Amino acid sequence: MRPDILNPLFAEVEALKGVGPTLAKPLRKLELERVVDLLFHLPTGSIDRKPVDTVEAEDAGRIVTVRLVPTSYRASGGRGPFRVGATDQAGNLVSLVYFGGNPGWAKKLLPIGEPRIVSGRLDLYGQELQIVHPDHVLPPAEAADLPTRESVYPLSEGITSRRLGQLIEQGIERAPELPEWIEPSLLQARGWPSWHDAVVRAHADVQDEPARARLAYDELFANQLALMLVRASSRKRRGLPLKGDGRLRDQLRLPYAPTGAQSRAVAEIEGDLVQPAPMTRLLQGDVGSGKTLVATMALLCAVEAGAQGALLAPTEILARQHFETLSRTLAGLPVNVAILTGREKGKAREATLMALADGSIDILVGTHAIFQEKVGYRKLGLAVVDEQHRFGVAQRMMLQAKAERPPHLLVMTATPIPRTLTLSHYGEMDVSRLDEMPPGRQPIETRVISGERLDEVAQALGRHLAAGRQAYWVCPLVEESEQSDLAAAEGRAESLRQWFGDKVGVVHGRMKGPEKDAVMADFQAGRIGVLVATTVIEVGVDVPNATLMIIEGADRFGLAQLHQLRGRVGRGDQRSVCLLLRGNALSETSRARLALMRETNDGFRIAEEDLRLRGAGEILGTRQSGEAAFRLAGPERISALIEAATQDARLLVDRDGGLDSERGQAARIALYLFERDAAVGLLRAG
């Protein structure tokens, strides 16, 4: 249960003065629904209000604060502005301009002859100095309340930075002093303020480095502590030791000998599976490094030991492809492989569920449907999760609760993850890396071309098809709307059909599963030469004869996504090419991305660079996984602070008595404050 001391912070924003349904709406758009959300919504800039005695033309364009005396009112006809004439102490004239609304309000604010402290942007309009809609108008007695520096916040329509600042001030007034959870010598060495002071200072001054670093550290510390508690709890639970005898794996007929990296990963997994504590291992491998073979070996190991295996894929397309690959690889072996997605209905679904429950299915492949409550296994020993970034810590914990004895867990990602993020998102897992390519994989040649040369690209595509090869054409991300991406894909397919007729197929996110599968089957069988697609083909599609990848609007994609898309080609022994079609107005970041893509095929290097350019939430796709993303710790801070946070959390668990010690009680509050408290519940359950 959440500690009482935090209750004021987890109150809804409607509990604050002045927040009703109207104001709650723009706050919700900013994901500011509770007081704590306001506290963690840090300013991104600040306004300096220059105090001046007189208004001068040289200050035009700056925000000034000056004592003025209103001298006249002037209303324009119709919907024109209302002007208040005013003078400074030297007699210089300035107009205070208000558009729309009732002039009575401006008259009340600025009575003739009564001095006021006015703050706002001074502009030159022709020869006249003016301040349009001053930010602040105060009687001289209240001038001390006016800050010389004011924080600026990320906003949404319907709320101003000033109004948001006032709500945050109310939030800060509610914030309690919290006990200290950081190890004292670390706190002293870094010169950080207390948590409460850090919140106050971070909102008061956007450049207060110690305050911001402290808050980022707190979030990372809570995260690392949660991961360690999950790991400790997992290790205390009894799993199912699985020792395969090799009889099935020895019968496999592989097209090539496994690489050294694959053999190492399989040995590490075998070593984990025989332990009584359930394995939690992350298998990282670049596009095409052979993760599927490692997963197949692990699943066979579980089946040899008399248990069942499950393989979870993020999309239906990928689940079906895994099912076909496994069925092909294991053909002739006494292993029963089945598939279960949202599409399997009626009697076929019932039959699969019964076979799963009685143990006659050895390996089940599917989407999230395979872990629904109604799906029961006779003896689930190993779960393999593909594309880990869509499957967060919460889902990993849910999976461990699926069986009486939690299954071993192997998660795979084709998005190479920088070391700092491996620590911060997978700190409870052991890591295997596939850093070698199987023999025969050709490096992909990448070229960057202006999008204006579409005709030349289409001609080159024609020559490619005439040589009996196939190609992908990926359409740009138009905006957040699937509808726009759909229009882009359909439009491009239509224009290519004028060149290549019915050799052109199209897939996009709004197509129904069977339609999508039919097009993919035609492409895999070679009946379609060009597959036009949105990013649904980003992960896992495997057609060795497709050796040309064209990515339109490549400057709109992130590095990790470009690398994933490029990895759809180069899957056979033929030379493959990736053409990145760029727009004309390139930002520095886009230019850097495209240059790096041209320069290297190394996914781990690309991932480090992507983290630097884009940020952690993006590269990991945490928005898809429902995982709590970091709000206070950006990529640079993660890199700078993650080692210290991991060490401090380990110190608390191993040396300082865990959550039962005095510091542990404070750390428990941090877990609830940063909403990593699922780990506390797990600890009790374990």
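User: Across which strands does helix 18 (residues 588–599) lie, and at about what angle does it run to strand 17?

Analyst: Helices (H or I, at least four residues) and strands (E, at least two) are DSSP runs numbered from the N terminus, contact means heavy atoms within 4.5 Å, and angles run from 0 to 180 degrees between the N-to-C directions of axes, which are lines fitted to C-alpha atoms, for helices over the stretch in contact. Here helix 18 lies across strand 17 and strand 22, running at about 145° to strand 17. Helix 17 (residues 559–566) lies across strand 17, strand 18, strand 21 (546–551) and strand 22 (577–582), at about 150° to strand 21. This is a predicted model, in which local features need pLDDT of at least 70 and side-chain atom pairs count only at pLDDT 80 or more, whereas totals for chains, interfaces and linings use all residues. Residues are numbered from 1 along each chain as its sequence is written, and side-chain values use heavy atoms, with hydrogens and water left out.

User: What is the order of the six strands in the open sheet, and which pairing do they have?

Analyst: Two strands pair if DSSP finds at least two bridges between them. In this sheet the order is 17-22-21-18-20-19, with parallel pairing. Strand 17 (445–450) and strand 19 (504–507) are the edge strands, each pairing on one side only, and the twist averages 20° from one strand to the next. Between strand 18 (residues 470–474) and strand 20 (residues 530–533) there are four bridges in the parallel sense, and Trp-473 stands opposite Val-532 in strand 20.

User: How many residues of strand 10 (residues 280–285) are buried?

Analyst: A residue is buried under 20% relative accessible area, exposed over 50% and partly exposed in between (1.4 Å probe, protein chains only). Six of the six residues of strand 10 are buried, so this strand is largely enclosed by the rest of the structure. The cover extends to both faces, with Thr-280, Leu-282 and Gln-284 buried on one side and Arg-281, Leu-283 and Gly-285 buried on the other. Strand 10 pairs in the parallel sense with strand 15 (residues 408–413) over five bridges, where Leu-409 is the bridge partner of Thr-280. Five bridges also join strand 10 to strand 16 (residues 430–434), again running parallel, and there Ser-432 is the bridge partner of Leu-283.

User: How far apart are the end C-alpha atoms of helix 7 (residues 209–236), and what span should its 28 residues have?

Analyst: The expected span of a helix is 1.5 Å times one less than its number of residues. Helix 7 should span 40 Å, and its end C-alpha atoms are 40 Å apart, which agrees. Since 23 of its 28 residues are buried, helix 7 is largely enclosed by the rest of the structure.

User: Is His-322 buried or exposed?

Analyst: His-322, in helix 10 (residues 316–329), is buried, with a relative accessible area of 7%. Leaving aside residues up to four places away in sequence, His-322 touches Thr-292, Leu-311, Ala-313, Val-365 and Asp-386.

User: Where is Arg-676 placed, and how many residues separate it from Leu-227 in sequence?

Analyst: Arg-676 is in the loop between helix 23 (662–673) and helix 24 (678–685), and is buried, with a relative accessible area of 10%. Arg-676 and Leu-227 are 449 residues apart in sequence, yet 8.9 Å apart in space, C-alpha to C-alpha. For the protein chain, 74% of contacts between residues at least 6 apart in sequence join residues at least 24 apart, and of its 686 residues 55% count as buried.
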